[in-house]
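I opened the model to look up two interfaces. My notes are below, in the order in which I made them.

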Amino acid sequence: MANKNSNKSKIIYTLLAWTISGMIFFPILWTLITSFKTEAEAISASPSLFMFDWTLVNYSDVLNRSPYFDHFWNSVVISVGSSLLGLLIAIPAAWSMAFVQNKRTKNLLMWMLSTKMLPPVGVLIPIYLLFRDFSLLDTKLGLVIVMTLINLPIMVWMLYTYFKEIPHEILEASRMDGAGIVEEIFHVLLPIALPGIASTLLLNVILAWNEAFWTLILTAANAAPLTAFIASYSSPEGLFYAKLSAASAMAIVPILILGWFSQKQLVRGLSFGAVK
Amino acid sequence: MGSITLKQVTKSFGDVNVIKPLDLEIKDGEFIVFVGPSGCGKSTLLRMIAGLEDTSSGNIEIDGNDATKTPPAKRGLAMVFQSYALYPHMSVRNNIAFPLKRAKVAPAEIEAKIASAAKILNLGDYLDRKPGQLSGGQRQRVAIGRAIVRQPSAFLFDEPLSNLDASLRVNMRLEISELHKSLATTMIYVTHDQVEAMTMADRIAVFNGGVIEQVGTPMELYRNPVNRFVAGFIGSPKMNFIDVKPVDGDPTRSIGVRPEHLKVTQEQGLWTGKVGVIEHLGSETFLHVHVDGVGTLTIKDDGECPLQYGDQVNLTASQNKIMHFDKEGVTLASLSWGDNAVVAQ
Amino acid sequence: MATTQSRTLARIMLFPSVILLLAWMIVPLCMTLYFSFLDYNLLIPGNNDFVGFLNYEFFLTDPAFIESFFNTLWLVGGVLLITICGGIGLAILLDQAIWGRNYVRIMVLAPFFVMPTVSALVWKNMFMNPVNGLFAHFANWLGFAPVDFFAQIPLLSIIIIVSWQWLPFAALILLTAIQSLDREQLEAADLDGAGPFSKFYYIVLPHLSRAITAVILIETIFLLSIFAEILVTTSGGPGYASTNITYLIYTQSLLQFDVGGGSAGGIVAVIIANIVAIFLMRLIGKNLED
């Protein structure tokens with residue numbers, strides 16, 4: 001009996017799943033499509049999904065009329081820079097907690113996570129004033145610092161869970177084989193943990209790329225990443241749908257692609273290990 | 001050279017004393033086995049000798065030099081771990097080369113040493129594979145290869161065979177013994193398996209609760225265990241223990257007979273009982289006989305045993321094979337025991 | 001493995017992370033706490049007198065606070081309701097044998113990777129705009145008057161946008177949890193004659209309870225701080241109709257330059273977030289033990 005029935009239910013479930021996921025994905029698809037329309041077609045009262053004159057004019061307009069590349073570059077520097085800097089600080093800490101555990105390790109880990117739960121408005125004013133006094137407002141350096149700090153707990157946490165899976169004996173073997181701590185980390189720990197480190201890096205690039213509190217508050221023209229650049233379209237410019245779509249597409253596509261690669265690690269990183 | 005001396009060595013985690021003050025002298029070239037139930041401190045002591053654990057007090061001397069505070073890398077010892085602890089991202093060749101590279105050995109010499117280790121351990125065909133592509137036995141060989149190329153003053157083995165299946169274990173046991181004969185380097189071998197201890201060791205140290213109960217050659221431990229614990233731990237199947245009623249002037253509180261020393265007889269013996277489960281192993285037979293007031297006794301009999309479940313049998317053992325223990329479980333000198341009445345029901 | 005040496009080393013290697021996070025958390029938080037007791041406005045240079053709990057009194061009795069407090073509750077509660085229910089449904093659906101599951105998964109996951117400013121603007125202009133938005137076109141086509149989303153139902157509109165962003169997160173976590181369910185349990189239930197609903201209610205849902213709790217707590221932490229979506233769509237309006245606490249503090253601090261009042265608000269926000277955080281930490285802490 002199973003075969004006929006399960007084939008039928010497979011068809012039903014497939015249709016249902018594709019319909020629902022298509023609806024969820026539609027706003028992104030629509031943005032991508034609109035970015036190839038002319039402004040007139042974009043606001044047409046009888047919008048068309050595919051039957052229109054495809055054009056790249058919006059992309060060239062966005063690139064020519066606004067310093068798009070500057071903002072793109074700011075996003076790259078801030079997200080990649082903060083993630084690399086974060087790794088540099090987080091790897092030693094995760095090593096310590098995973099391989100030299102004591103009674104306080106768990107509390108320390110929890111405390112680090114708790115800093116992630118501090119609402120940004122709780123420190124908004126001091127950070128703003130400190131940045132003003134240290135001339136860090138609207139600088140990439142300032143944002144790299146902030147992004148590193150807000151994502152550091154997630155990085156330490158993710159690396160900790162990856163390192164925990166490496167058997168202690170392998171590190172002890174390297175010690176018996178005459179490796180010092182630096183050799184132990186570079187020749188043994190890092191190569192073994194490379195996949196985990198890569199996905200930690202990836203997830204943090206994504207989180208930093210999309211961060212939209214501090215990037216909006218601490219930047220103006222110079223250091224504004226894409227989040228802030230796109231926010232500027234909330235003014236009447238946003239009514240130019242095709243251009244808004246083109247700018248949006250360029251801001252989200254790179255990270256969408258990275259995101260699809262890291263979907264498995266996402267669960268681990270974002271649930272802080274509560275779901276495995 | 002590879003003599004290791006432990007002087008009043010202790011280890012405590014907080015309030016828990018894992019190793020109580022302990023002295024042991026391990027001679028150069030000796031194969032010594034630390035054996036005992038899990039949690040007896042044998043692995044901890046091995047890791048202390050390796051330098052992977054701190055020593056709480058006392059001294060560890062390697063070749064006459066105090067090495068208590070020396071980091072593991074500088075002790076000149078090699079270790080084979082239970083999980084083999086191979087570097088998963090390196091080929092077999094690089095695994096074996098790793099300690100040599102750390103010691104800044106010249107590349108040509110490294111190649112030569114890898115080649116000779118590969119020959120000894122039959123690894124020639126696997127040198128360019130990763131550990132993940134090897135079977136358990138092959139991984140074990142790589143781990144040993146990584147240890148021997150350094151020409152350490154002593155090898156430390158931490159239950160190296162416990163992850164292998166039974167037949168492979170027998171083979172590796174022989175190979176390690178063979179290796180010891182040809183290298184003549186000190187080996188310290190930790191196991192919970194008394195068969196491994198008996199078959200491989202020059203000397204065995206029996207651990208229990210953080211102390212060494214007895215050190216000696218396998219046959220010394222078998223013939224003259226100092227107490228009930230050692231008597232029960234060495235030998236398979238386990239020694240039968242029978243509690244006896246105290247008699248004035250006789251400190252004996254229990255006696256022990258090894259299964260291989262119990263005989264099934266026609267005439268009246270020391271005990272009479274009913275045969276329970278019979279385990280035929282082909283070359284030998286284990287009988288489990290229920291004796292009223294004593295419990296179940298295990299007997300090791302010939303391969304061809306005609307007895308059936310439920311048969312009534314008489315059991316006996318020669319007096320010089322029966323051990324007597326006092327109320328602390330200490331073995332009593334075997335000459336002074338009283339009459340047979342104590343032994344029989 | 002623990003020798004004195006490695007323990008010392010571990011302490012040294014932990015040091016940078018601990019110091020940086022300590023500096024990031026404690027220093028500004030203490031400053032906020034200090035400012036919250038001062039009469040301190042950047043536009044009015046003065047002595048920055050100590051005013052006790054006056055800032056708190058003003059902040060907590062401000063009708064804007066009351067309104068934004070409830071807006072925050074609605075926002076968090078609404079998004080949680082939509083994403084949890086939708087997430088469970090999606091997780092069960094994606095757990096079935098379907099063709100092209102990987103593509104479906106990718107499509108469902110996509111909104112999570114869209115930066116908040118983009119998703120808010122795309123929804124605001126291309127979907128919810130009362131003249132040119134797709135919804136307006138659709139309503140006209142059906143013969144209804146289009147809804148002016150951000151004028152008539154500003155908070156609900158924001159709830160819809162944020163739910164769209166967070167639905168993938170809930171679905172993904174719950175799907176992962178469902179996939180870890182022991183299939184033999186379901187087969188045993190089949191043998192016991194359980195129907196689909198009793199299987200869901202007695203087996204799947206209890207199995208998911210931990211993951212659901214995790215999603216609720218983690219989302220709450222992030223949803224309490226929703227900011228960009230409000231900034232680029234309604235700017236908190238009309239009036240305070242779509243202002244949440246985070247946005248209210250932002251306007252007080254950086255638009256009205258009232259450092260004292262904004263700081264008092266910040267402390268209030270920290271206290272609210274802490275209540276959620278304590279539950280979340282318990283959950284994670286339990287998990288650390290197994």
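The entries cover a chain-to-chain interface and then a domain-to-domain one.

**Ground rules.** I am working from a predicted model, in which local features need pLDDT of at least 70, side-chain atom pairs count only at pLDDT 80 or more, and totals for chains, interfaces and linings use all residues. Residues are numbered from 1 along each chain as its sequence is written, chains are lettered from A and ligands numbered from 1 in the order in which they are written, and side-chain values use heavy atoms, with hydrogens and water left out.

**Entry 1: chain C against chain A.** I looked up the contacts, meaning heavy atoms within 4.5 Å. On the chain C side 96 residues take part, and on the chain A side 106 residues.

Next I took the buried area, which is the accessible area (1.4 Å probe) that two parts lose on being put together, summed over both. For chain C and chain A I noted about 9,100 Å², with 80% of that from carbon and sulfur atoms.

I then looked for salt bridges (a side-chain nitrogen of Lys or Arg within 4 Å of a carboxyl oxygen of Asp or Glu). Between chain C and chain A the count is zero. For polar contacts I used pairs of N or O atoms within 3.5 Å; within protein, one must be able to donate a hydrogen and the other to accept it, and residues adjacent in sequence count only if both atoms are side-chain atoms. Ten residue pairs across the interface of chain C and chain A pass, both residues being at pLDDT 80 or more.

Helix 1 of chain C (residues 4–35) gives the largest share of the side that touches chain A, at 19 residues. Helices here are DSSP runs (H or I, at least four residues), numbered from the N terminus. I sorted that side of chain C by class and wrote down 71 nonpolar, 20 polar and five charged residues.

**Entry 2: the domains of chain A.**

I noted a buried area of about 960 Å² between domain 1 and domain 2 of chain A, 78% of it from carbon and sulfur atoms. Which three residues supply more than any others on the domain 1 side? They are Thr31(A), Glu39(A) and Tyr59(A), with 43% of the area that domain 1 buries against domain 2.

Between these two domains I found zero salt bridges and zero residue pairs in polar contact, with both residues required to be at pLDDT 80 or more.

Conventions: Helices (H or I, at least four residues) and strands (E, at least two) are DSSP runs, numbered from the N terminus. Ala, Val, Leu, Ile, Met, Phe, Trp, Tyr, Cys and Pro count as nonpolar, Asp, Glu, Lys and Arg as charged, and the others, Gly among them, as polar.
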